[in-house]
Amino acid sequence: MIEINKLNKSYLIGKNSLHVLKGIDVSIKKGELVAIMGSSGSGKSTLLNIIGMLDNYDSGSYHLDNVPIKDLDETKAAKYRNQFLGFIFQSFNLINYKTALENIALPLYYQGISRDERQKIAFEYLEKVGLSAWSEHLPSELSGGQKQRIAIARALASQPKVLLADEPTGALDSTTSEEVMSLIKKINKEGKTILVVTHEHEIANMCNRIITLKDGVIVTDIQTS
Amino acid sequence: MLFKKDSWKEIFDTIKKNKLRTFLSGFTVAIGILIFIILFGLGNGLENSFKTFFTDDKVNTIRLYPSSTTIPYRGYESQRRIKFTNSDLVDFKEQFNSRIEDIVVRNTFYFQMKYKEKANNYTIRAVSPAHQEAELTIIMEGRYLNEGDIGNTKRHVVIGRLVAEDLFQDEDPIGKYIFGSGHSWKVVGVFQDEGGDREERNLYVPYTTMQKIQKNNDEISQMIVIYDKNMSYDESLILENDLETYIKEKKFISPDDNKGVYISNTGEEQENSRQFASVLSIIISFIGIGTLVAGIIGISNIMVFVVKERTKEIGIRKAIGATPNSIIAMVLQESIFITMISGYLGLVVALIILNGIGDNLMEKYFISNPYIQTSNAVWATIILIFFGALAGYLPARKASKIKPIIALRDK
């Protein structure tokens, strides 16, 4: 599903160039649940952003479902993101003036699906994350765990090939974190490819495979089950 | 592809759920338009009143008033009172026959006029018939004084609209007799005058009749020369000069004497008032443009703020598949929609207010019938909407180019 070869990425900070990713090689198959670990500055978030087409890379190659992803213009990147990827963020990133249901329906709006159809699909995913009773609530009326479940439902609604989660439990307490992780595992069992960036071992241990980054290189790549 | 109808629904949703933002930008535009139209309208109203003030009298006239000399001349002492008489009138007419249409006589008196129980003090103007033309008097009823009244020294009187109201109320004044200065006067006409209330409290009688009553004298205290209206301003100045020279010579007034005879050319006043009117209209345009610019700055600020506030939302939308164009379209459609609706509201409210003002401010502020040309109002609205859209477009385009990762970074 994801093929990455000799991926390099540097940031220019003033006059100095900071080499963040130093030749990453990684291959992720369909249906995997992969944790990407590493301390801050290890390059794990940068890797996720590149996989998520939120950021460009300098050299190497990246194929997503056999489609080469390189130097996309914004319009094309937006289309690919909408088609291939679902995002889950640490800070949820729900639109605060839209209800739970409307937030979930938003990716479908950008796919050009009709309003009635959007509502129907969004409601299905709302049920899937167990929040059908909260459909008309605004994000401000929901708890952190509920917000993250809405965000997961939103990420799933567009039926992406890959789900990318950046510290999905970073803003949650441990009980809620487990709930969210078990939801992610459940979705993975249904066949979705999922990448989780985390720095918590407990979270990483719930995944099938743990890739650890340090100073821009992969130091370990372990199958846990 | 986005369905057109669907994107509008999305925008209505956003507008409904962001009331403060909608209100702020809408209010700015509405107020901008409102103030622009009202100021511009009031300015036009001021110009209106100004024009009526100066169209009171006929413009191609030169007024002559005799007064006292200040310099001894040809054996005459100074402080000699100059008089015009009926024979002077004949001489002046003869002398300047080719350049003037007529010379009007106006002797002014002030005394009580009485009808039945009602009495009041009025300005009585003893005039010749051409005075109607010089003063632009409009006859409402009956007739003006004619040559017959002058020749036969008839005790006929033409009364102002307000005099008729004072003395006759609902009664028809024509043919009735009023009493004043020890005589009875037959009302032959009622007039109105664009000069307003003051003018409409005057009465006109034949100057010959008044001269006869005043111990048969032949004095004339003021003459109004009506000159050819095709005469240019410069030509009228030459005529004025020639008149002065001729009169001074005839009446033995020193050419260096500033007094003796006072001459005033309404053409000159007209020239001055024309200049004043053009300055006034420049000031009005300046106020209008200034208000509009302030409005544009206001709406630009709000749009920049709105897009800034939405940066994170834009980042989220991009992360889940919004193209840069759809982001720009969203911001633009929203801002144009709001500015159009509120611009239209401001326009309608302002026009209602302007119509409501009407002549209510005439007494105190000399603003009559304020108005704005529809095209000016519509253009102002379009300009404000355009700049509102532009002010939304520039930051929206910038925001649409921000990488979602950066937009999402501020947590």
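Me: Before we start, what conventions apply here?
Reply: This is a predicted model in which local features need pLDDT of at least 70 and side-chain atom pairs count only at pLDDT 80 or more, while totals for chains, interfaces and linings use all residues. Residues are numbered from 1 along each chain as its sequence is written, chains are lettered from A and ligands numbered from 1 in the order in which they are written, and side-chain values use heavy atoms, with hydrogens and water left out.

Me: What is the strand order in the six-stranded open sheet of chain A?
Reply: The order is β6-β7-β8-β3-β9-β10, with mixed pairing. Strands (E, at least two residues) and helices (H or I, at least four residues) are DSSP runs numbered from the N terminus, and two strands pair if DSSP finds at least two bridges between them.

Me: Which strands stand at its edges?
Reply: β6 (85–88) and β10 of chain A do; each has a single partner strand, so one side of each lacks a neighbour in the sheet. From one strand to the next, the twist averages 15 degrees.

Me: How does β6(A) pair with β7(A)?
Reply: β6(A) and β7(A) (residues 162–166) run in the parallel sense over four bridges, and Leu85(A) has Val162(A) as its bridge partner in β7(A). Helix α5 (residues 144–157) of chain A packs on the sheet and touches β6 and β7 of chain A; its direction makes about 170 degrees with that of β6(A). Here contact means heavy atoms within 4.5 Å, and axes are lines fitted to C-alpha atoms, for helices over the stretch in contact, with angles from 0 to 180 degrees between N-to-C directions.

Me: And what does β9(A) pair with?
Reply: Strand β9 (residues 209–214) of chain A pairs with β3 (residues 33–37) of chain A in the parallel sense over four bridges, with Met37(A) opposite Thr212(A). With β10 (residues 217–223) of chain A, β9(A) pairs in the antiparallel sense over six bridges, and Arg209(A) stands opposite Gln223(A).

Me: Which residue in the β9(A)–β10(A) hairpin has a positive phi?
Reply: Asp215(A), with phi near 50 degrees; this hairpin has two residues between the strands.

Me: What about the four-stranded sheet of chain A?
Reply: That open sheet is antiparallel, in the order β2-β1-β4-β5. Its edge strands are β2 (16–28) and β5 (67–68) of chain A, each with a single partner strand, so one side of each has no neighbour in the sheet. Five bridges join β1 (residues 2–13) to β4 (residues 59–64) of chain A, and Ile2(A) has Leu64(A) as its bridge partner. Helix α1 (residues 44–51) of chain A packs on this sheet, touching β1, β2 and β4 of chain A, and its direction makes about 115 degrees with that of β1(A).

Me: Changing topic: how many residues are in contact between chains A and B?
Reply: 30 residues of chain A contact 30 residues of chain B. The buried area is about 2,800 Å², 56% of it from carbon and sulfur atoms; buried area is the accessible area (1.4 Å probe) that two parts lose on being put together, summed over both.

Me: How many salt bridges cross the interface?
Reply: The rule finds three, a salt bridge being a side-chain nitrogen of Lys or Arg within 4 Å of a carboxyl oxygen of Asp or Glu. One of them joins Glu102(A) to Lys17(B), with the closest N and O atoms 2.5 Å apart. The elements giving two or more residues to the side of chain A that touches chain B are α2 (74–84), α3 (100–110) and α4 (115–128) of chain A.

Me: And how many salt bridges over all chains?
Reply: The count is 32 by this rule. Among them is Lys250(B) with Asp91(B), where the closest N and O atoms are 3.0 Å apart. Lys250(B) lies in helix α8 (residues 233–250) and Asp91(B) in helix α3 (residues 86–95) of chain B, so the pair ties together parts that are 159 residues apart in sequence.

Me: Finally, which way do β7(B) and β8(B) run?
Reply: β7 (residues 177–180) and β8 of chain B pair in the antiparallel sense over four bridges, with Phe179(B) opposite Ser184(B). In their hairpin, which has two residues between the strands, Ser181(B) takes a positive phi near 55 degrees.
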